[in-house]
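Morning, everyone. Please have the sequence and the model open.

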Amino acid sequence: MRDFINEKIKSIKPSGIRRLFDIANEIPDVISLGVGEPDFDTPWHIREEGMYSLQKGRTFYTSNAGLQELRDEICAYVERKYGLKYSSKDEIVVTVGGSEAIDIAFRAILNPGDEVIYPEPCFVSYEPCILLSDGVPVAVPLSAKTEFRLTPEQLEAAITPKTKALFISYPNNPTGAIMERKDLEPLAKIVKKHDLLVITDEIYSELSYNGEHASIASLPGMQERTILINGFSKAYAMTGWRLGYALAPKNIMEYMLKVHQFAIMSAPTTSQYAAISAMRDGDADIEMMRESYNQRRRYLMNAFKKMGLPCFEPYGAFYVFPDISEFGMSSEDFSTALLKAEKVAVVPGSAFGACGDKHVRISYAYSLEELKEAMKRISRFIKKLRAKKKQA
């Protein structure tokens, strides 16, 4: 039957996040710190609006682009937050999560052989989505030395005559790194110099702990060459509702919408009604969750300091990316050994690109009690590793 399978699909590796957690699910009493999912329930007023829409029998298809009322609210929100003005009529599409928005963006703009530059470490789906759209992924490896920020020199060096787009995602998964306005401005100049497009995944934009999030689309001359992607999963604890959106200039959006309407038709109607309430009344919910995440972030950084484990300090999302290079192990071996010895599941950094291999990703979207117990186990584990290293 393999002869019937598309060759591109055969060549793409399965997600590096899921393999270890399939093993972890078979082990009792495991503390799993791997899945990037808020541990909060969706705020009640959002759930209530979803239930009310069902009670009212609102179970029909929406327009392909999404409910007009929701599109209006999203456009009002991004104008209020980032000073960006989009037409809710023809510059937005509501998607099945941010993941679909990324997929249709690549499928709408890429021709075979077009190159897309993106920084690594990064979320596992970016490279496969580029490949599935017949593009050529061009990874730029980053490190803690530059706080996992893409530098102008790195971007300029990666550009070739075949480069069509730059893809960025800040706050970043898995590192928690951010890019401030002063970091984005020189990148924007290079993008304009080479006449490139930008796709920016800002799904963690509301989870910034060092001032307001900056969007590259808000810089002069950038909105007209940027596809901005966001969603409801992380900021509003709505992962299972599967709802996101993309904003782009009209002459790009019409082709993204074409892909969306043939592949998806429309995003879930119930989720869209719930999201209207999130947009209108969700600011306080975001603030509460962000403060809780920030408390956990500070706790983890202090815990790593006590155990002497180097870790770049993240100022966004809900991940830490500690450095395990002192142990001379691959991230896969480290994660597997930790799981077997202490029943703590973390994600190997190699899942996010080769340059992440001397790190592991730990999500702090878990209770403080779970994190405290996990840190005890990790501390015990690395003490044993250090003891073995001394004996060797």
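First, a term: helices here are DSSP runs of H or I, at least four residues, numbered from the N terminus. Keep in mind that this is a predicted model.

Now take helix α3, residues 44–55. How far apart are its end C-alpha atoms? They are 16 Å apart. At 1.5 Å a residue, its 12 residues should span 16 Å, so the two agree.

Which residues of α3 are buried? Ile46, Gly50 and Ser53. After α3 comes Gly57, with a positive phi, near 75 degrees.

Look at Ser53. Its relative accessibility is 0%, so it counts as buried. A polar atom of its side chain lies 2.6 Å from the backbone oxygen of Gly50. Beyond its neighbours within four places in sequence, Ser53 contacts Arg58, Thr270 and Tyr273. Arg58, in turn, lies over the face of Tyr273, 5.0 Å from the ring centre.

On to the rings. There are 15 aromatic pairs. One of them is Phe232 with Tyr236, a tilted pair: 5.7 Å centre to centre, 35 degrees between planes. In another, Phe334 and Phe381 have centres 5.3 Å apart and planes at 80 degrees, so that pair is edge-to-face. Phe334 sits in α12 and Phe381 in α13, 47 residues apart. Both are buried.

Definitions and conventions:
Residues numbered from 1 in each chain as written. Predicted model: local features only at pLDDT ≥ 70, side-chain atom pairs only at ≥ 80, totals over all residues. Heavy atoms only, no water. Helix = DSSP H or I, 4+ residues; strand = E, 2+ residues; numbered from the N terminus. Expected span 1.5 Å × (residues − 1). Buried < 20%, exposed > 50% of the residue type's maximum accessible area, 1.4 Å probe, protein only. Polar contact = N/O pair within 3.5 Å; in protein donor to acceptor, adjacent residues only side chain to side chain. Contact = heavy atoms within 4.5 Å. Phe/Tyr/Trp six-rings, centres within 6.5 Å; stacked < 30°, edge-to-face > 60°. Lys NZ or Arg CZ within 6 Å of the ring centre and 35° of its normal.
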